[in-house]
Amino acid sequence: MKSTPLFEAAGVIEAPVGRVERLLLAVRPGPVGADNVWLLAEHGGVVAGGPERFTLSTPTHTMTVEVREHTIAFQGGWWYRGEYAVEPHTEGTLLTHRVRNVATRGRWGVPLANRFFFGFDRSASDGFTTGLRRIGDELGCRTRLL
């Protein structure tokens with residue numbers, strides 16, 4: 001799959017990697033919720049497929065969810081792929097979020113549209129910061145943006 005990096009952010013979660021992975025990488029067929037695709041629990045939906053590649057359907061859209069060792073990725077729309085990687089860190093866990101342009105046509109227009117019309121960099125950064133805070137709240141630990 002051809003992709004172009006558009007955004008990257010990282011943060012530290014002061015909890016063991018295994019604990020963070022149990023929260024973030026848990027995906028199985030069934031309803032989205034606190035124990036299934038936790039990152040998207042507030043959006044709801046239903047998951048089908050597996051064990052590494054799933055389809056998540058909500059009332060407004062459908063996306064692919066892929067789970068591999070230490071990584072979960074969400075891909076939907078004509079260009080979007082968001083990846084979250086979990087790795088050990090001296091303070092607990094390093095979480096890295098990357099957004100990639102995976103468009104097969106009109107690829108050149110994605111960065112232009114995101115930068116000039118939709119404020120993508122700011123919303124992606126704000127979203128990651130909010131998500132990091134939610135993870136800390138859920139796990140009862142401190143987090144910090146790098």
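Me: Which residues touch the most other members in the largest nonpolar core?
Reply: I13, L24, I72, F74 and L95. That core holds 35 residues. Keep in mind that this is a predicted model.

Me: Which elements give two or more residues to this core?
Reply: Two helices are on the list, α1 (17–24) and α3 (120–139). The strands are β1 (4–13), β4 (53–57), β5 (62–68), β6 (71–76), β7 (80–89) and β8 (92–101).

Me: And which one gives the most?
Reply: α3, with five residues.

Me: Buried or exposed?
Reply: E83 is buried. Its relative accessible area is 15%, so it falls under the 20% cut-off.

Me: What does E83 touch, again without residues up to four places away?
Reply: I72 and A73, then T96, H97, R98 and R100.

Me: New topic, pockets. How much space lies in the largest pocket?
Reply: About 740 Å³.

Me: How many residues line the largest pocket, and which lie nearest its centre?
Reply: The lining has 28 residues. L40, H43, Y80, Y84 and H97 lie nearest the centre.

Me: How does the lining divide into nonpolar, polar and charged?
Reply: There are 15 nonpolar residues, 11 polar and two charged.

Me: Zooming out, how many helices and strands are in the chain?
Reply: Three helices and nine strands.

Me: What order do the elements run in from the N terminus?
Reply: β-α-β-β-β-β-β-β-β-α-α-β.

Me: What share of the chain counts as buried?
Reply: 45% of the 146 residues.

Me: And how much of the contacts with a separation of 6 or more comes from residues 24 or more positions apart?
Reply: Such pairs account for 50% of them.

Me: Last one. What does the accessible surface come to?
Reply: About 8,200 Å² for the chain. Carbon and sulfur atoms hold 54% of that surface.

Notes:
Residues are numbered from 1 along each chain as its sequence is written. This is a predicted model: local features need pLDDT of at least 70, side-chain atom pairs count only at pLDDT 80 or more; totals for chains, interfaces and linings use all residues. Side-chain values use heavy atoms; hydrogens and water are left out. A nonpolar core is a set of buried Ala, Val, Leu, Ile, Met, Phe, Trp, Tyr and Cys residues joined through side-chain atoms within 4.5 Å. Buried means under 20% relative accessible area, exposed over 50%, partly exposed in between (1.4 Å probe, protein chains only). Helices (H or I, at least four residues) and strands (E, at least two) are DSSP runs, numbered from the N terminus. On a 1 Å grid over the protein atoms alone, a cavity is a set of points where a 1.4 Å probe fits but cannot get out, and a pocket is an open set with protein on both sides within 12 Å along at least five of seven lines; lining residues have an atom within 4 Å of a point. Grid points are joined across faces, edges and corners, and a volume is the space filled by probe spheres set on the points. Ala, Val, Leu, Ile, Met, Phe, Trp, Tyr, Cys and Pro count as nonpolar, Asp, Glu, Lys and Arg as charged, and the others, Gly among them, as polar. Contact means heavy atoms within 4.5 Å. Accessible areas come from the Shrake-Rupley method with a 1.4 Å probe; for residues, only the protein chains shown count as cover.
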